[in-house]
Amino acid sequence: MTAPILRRLADLRAKTSQWRRAGEVIGVVPTMGALHQGHLSLAETARADCDRVIVTIFVNPKQFNNPEDLEKYPRTEAEDAIKLAPYGVDVIYVPEPEEVYPAGFASTVSVAGLTDVMEGEFRPGHFDGVATVVAKLFLQTSADRAYFGEKDYQQLMVVRRMARDLDIPIEVIGCPTVREPSGLAMSSRNLRLSPEGLQVGARMNAVMRDVAEALGRGAAFEALARKAMDDLRLAGFSEVEYLDLRCAETLEPLTGATRPARLFAAAWVDGVRLIDNIEVPPA
Ligand SMILES: Nc1ncnc2c1ncn2[C@@H]1O[C@H](COP(=O)(O)OP(=O)(O)OP(=O)(O)O)[C@@H](O)[C@H]1O
Ligand SMILES: CC(C)(CO)[C@@H](O)C(=O)[O-]
Ligand code: BAL
């Protein structure tokens, strides 16, 4: 059975206050819809972990630095509800825009430091939009636990910092990236890739895995990175925005796999911006 779709905060609160009174643990999975197996894996984990599960679907205009990206973002609400049916979620919260940003809305949540690099650098304003909407969704749902994908690893770190800094009593849980058999990280934006674009996209993870393996053998990042960026362009990416090796805990840049390290990339194909990140074994 498909879960009820609630569009009004008052209706959501009627449910959550009942659940809280009964002492039930509430989990939330925030999404922008166009659900795929990556999102569904978050719903599955939340279902196994919590008494009540809320999936939110809201295409948040404040986090899109690129108007064309916002306009082309896929919206597939009816299919999304059907895809969620087997996962037994309790409520799908699809707020009307004015439930999130009522007239006169004037506040921004901004996380410093972690947002200076990578996605923050190439998508100005993006993380202010994410932190603001996620803070609102945490407070609106009054969830005890929130589930985010490691595919957006920097976002996961930003959201965790925001919740701690603002004393929002919620545990932010990171879940592994779900991939296509080709290695391509599942993403709603993949829907906009041509068959050739899908093949190019898959090369991102393959190139990253080669770099991670060489780093694990003790190689220095600088030379590897230059070759890997060339490889990505040769594979068909029209632009490679970054290929960075960073500390998995602080996001500081690293020259080799000397600390818990992660490799991050962003590149364009078919006019679509793809991102990925993977753990790097210690050298
Ligand atoms: N392949 C994936 N594996 C695990 N979690 C994922 C995956 N893709 C997205 N998520 C997570 O789902 C949540 C909602 O993400 P979102 O709706 O932006 O989907 P998306 O596929 O990342 O879309 P896009 O990146 O194109 O905006 C986020 O926590 C995100 O990290
Ligand atoms: C967390 C999120 C739902 C906030 O709009 C979005 O950034 C996403 O889908 O990853
Ligand atoms: N996947 C993070 C949301 C975004 O790309 O805007």
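Reader: By class, how many nonpolar, polar and charged residues does the shell around ligand 1 have?

Author: Good place to start! This is a predicted model, in which local features need pLDDT of at least 70 and side-chain atom pairs count only at pLDDT 80 or more, while totals for chains, interfaces and linings use all residues. Residues are numbered from 1 along each chain as its sequence is written, chains are lettered from A, and ligands are numbered from 1 in the order in which they are written. With Ala, Val, Leu, Ile, Met, Phe, Trp, Tyr, Cys and Pro counted as nonpolar, Asp, Glu, Lys and Arg as charged, and the others, Gly among them, as polar, the shell around ligand 1 has seven nonpolar, eight polar and three charged residues.

Reader: Which element gives the largest share of that shell?

Author: A residue belongs near a molecule or strand when its C-beta atom, placed from the backbone, lies within 6 Å of it. There are 18 residues around ligand 1, and G38, G149, M186, S188 and R189 come nearest. Two elements give two or more residues each, α2 and β5 (145–149); here helices (H or I, at least four residues) and strands (E, at least two) are DSSP runs numbered from the N terminus. The largest share, four residues, comes from α2.

Reader: Which element gives the most to the shell around ligand 2?

Author: Look for P30, T31, M32, N60, Q63, V130, V133, V134, D152 and Q155, which surround ligand 2. The elements with two or more residues in this shell are β2 (26–31) and α7 (126–141). By class, the shell has five nonpolar, four polar and one charged residues. The most, three residues, come from α7.

Reader: Is H39 buried or exposed?

Author: An unreviewed UniProt entry marks H39 as "active site"; such positions are given in the numbering used here with feature names shortened, and annotations may be inferred rather than shown by experiment. H39 lies in helix α2 (residues 37–49). A residue is buried if 20 or more other C-beta atoms, placed from the backbone, lie within 10 Å of its own, exposed if 12 or fewer, and partly exposed in between. Because 26 other C-beta atoms lie within 10 Å, H39 is buried.

Reader: Which residues does H39 contact, leaving aside neighbours within four places in sequence?

Author: Two residues are in contact if their C-beta atoms, placed from the backbone, lie within 7 Å. With its neighbours within four places in sequence left aside, H39 is in contact with V29 and T31.

Reader: What is the largest C-alpha distance in the UniProt "binding site"?

Author: The unreviewed UniProt entry gives this annotation to Q63 and Q155. They are spread over 93 residues of sequence, yet they cluster in space, with a largest C-alpha distance of 11.5 Å.

Reader: Why does Q63 count as buried?

Author: Find Q63 in the loop between β3 and α3 (67–72). Beyond four places in sequence, Q63 touches H126, G129, V130 and V133. Q63 counts as buried because its C-beta neighbours inside 10 Å number 21.

Reader: Which helix gives the most to the side of domain 1 that touches domain 2?

Author: An automatic or database assignment sets the domain bounds, giving domain 1 (5–175) and domain 2 (188–277). Their centres, taken over C-alpha atoms, are separated by 26 Å. Twelve residues of domain 1 are in contact with eleven residues of domain 2. On the domain 1 side the most, three residues, come from helix α8 (residues 153–165).
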